Amino acid sequence: MEADLIDEMIIHVMPVVLGEGRPLFGGIPIEKVFRLTDTASHPNGVLKLHYTV
């Protein structure tokens, strides 16, 4: 992300509780703004989130 090489992200959200959780991205010193361009929900509760720069 620091080298500005990411132009899109597709994130799947699973409906599972893991306790404390983990950060998706940690220690990134810059702020990057992404725009939500597409979503999909599946019968098992999984969400697909598609972001672009």
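**One residue, then the chain**

Guide: Leu 24 counts as exposed, because its relative accessibility is 59% and the cut-off for exposed is over 50%. Bear in mind that this is a predicted model.

Visitor: Switching to Thr 52: buried or exposed?

Guide: Thr 52 is buried, because its relative accessible area is 19% and buried means under 20%.

Visitor: Which strand is Thr 52 in?

Guide: Thr 52 is in strand 3, which covers residues 47-52.

Visitor: What is Thr 52 in contact with, leaving aside its neighbours within four places in sequence?

Guide: With those neighbours set aside, Thr 52 is in contact with Asp 7, Glu 8, Phe 34, Arg 35 and Thr 37.

Visitor: How many helices and strands does the protein chain have?

Guide: The protein chain has three strands and zero helices. In sequence order the pattern reads β-β-β.

Visitor: What share of the contacts with a separation of 6 or more comes from residues 24 or more positions apart?

Guide: In the protein chain, that share is 61%.

Visitor: What about the overall dimensions of the C-alpha trace?

Guide: The C-alpha trace spans about 35 × 30 × 15 Å along the principal axes. The radius of gyration of the protein chain is 13 Å, whereas a compact globule of 53 residues would have one near 10 Å.

Visitor: How much of the protein chain is buried?

Guide: Buried residues are 13% of the 53. The accessible surface of the protein chain is about 4,600 Å², and carbon and sulfur atoms contribute 55% of that.

Visitor: How many positive and negative side chains are there?

Guide: There are 4 positive and 7 negative side chains, and the centres of the two sets are 5 Å apart.

Visitor: Last topic, confidence. What does the pLDDT average?

Guide: The average for the protein chain is 86, and 100% of the residues score at least 70.

Note on methods: Residues numbered from 1 in each chain as written. Predicted model: local features only at pLDDT ≥ 70, side-chain atom pairs only at ≥ 80, totals over all residues. Heavy atoms only, no water. Helix = DSSP H or I, 4+ residues; strand = E, 2+ residues; numbered from the N terminus. Rg over C-alpha atoms; globule rule 2.2 N^0.38 Å. Buried < 20%, exposed > 50% of the residue type's maximum accessible area, 1.4 Å probe, protein only. Contact = heavy atoms within 4.5 Å. Areas by Shrake-Rupley, 256 points an atom, 1.4 Å probe, with all protein chains shown as cover. Lys, Arg positive; Asp, Glu negative; His and termini not counted. Charge placed at Lys NZ, Arg CZ, Asp CG, Glu CD. pLDDT = per-residue confidence, 0-100.
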